[in-house]
Amino acid sequence: MVEDDQDETVAAVREVVAAHGWAVKGVGPNIAYTVGLTEAGLPELVLIGVRVEVAARVLNDLARRSLEAELTPELLYAVGEFRRPVGVRAVPMDVARRVLRYATALYGDRWRVWEVVPGLTDEPPTV
């Protein structure tokens, strides 16, 4: 489910996370992020500059895969939506807390986030 951040309450997001393991939230037309991967000890994921509908498919795919296996370069390369490798990089938390408000509301200061970057081929940050 992808909706603008202002359309749902924190309780509704919690329900989606409880039912599915994560939710994907949109912020405007070109930012989407996961909420719920923190509960599995994983970083949340954000995708910027891609239509929310496309970003949701990519993030849902990556979230599912990261819960099934370690997030590796091979896993990232397998994201077919972009038809090229996808990498991740850490996002400064001061920025993340202001924009990704549902993750902040659910997890306070005890979460982290990686930005999914099409074409970035470096090794992923340490979990």
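**Cores, a helix and a buried glutamate**

Reply: Of the 19 residues in the largest nonpolar core, those that touch the most other members are Val24, Leu37, Leu45, Leu47, Leu59 and Val116. Such a core is a set of buried Ala, Val, Leu, Ile, Met, Phe, Trp, Tyr and Cys residues joined through side-chain atoms within 4.5 Å, where buried means under 20% relative accessible area, exposed over 50% and partly exposed in between (1.4 Å probe, protein chains only). The model is predicted, so local features need pLDDT of at least 70 and side-chain atom pairs count only at pLDDT 80 or more, while totals for chains, interfaces and linings use all residues. Residues are numbered from 1 along each chain as its sequence is written, and side-chain values use heavy atoms, with hydrogens and water left out.

Me: Which element gives the largest share of this core?

Reply: In soluble globular proteins, nonpolar side chains tend to be buried together. Here the largest share, 7 residues, comes from H2; helices (H or I, at least four residues) and strands (E, at least two) are DSSP runs, numbered from the N terminus. Apart from this core lies another, of 17 residues, among them Tyr33 and Tyr102.

Me: Which residues of helix H1 are buried?

Reply: In H1 (residues 10-20), Val13, Val16 and Val17 are buried. Seen down the axis of H1, the buried residues fall within an arc of 100° (taken from the directions from the helix axis to the C-beta atoms), so they line one face of the helix. On the other side of H1, Glu15, Ala18 and Ala19 are exposed.

Me: Is glutamate 115 buried or exposed?

Reply: Glutamate 115, in strand E5 (residues 113-118), counts as buried because its relative accessibility is 15%.
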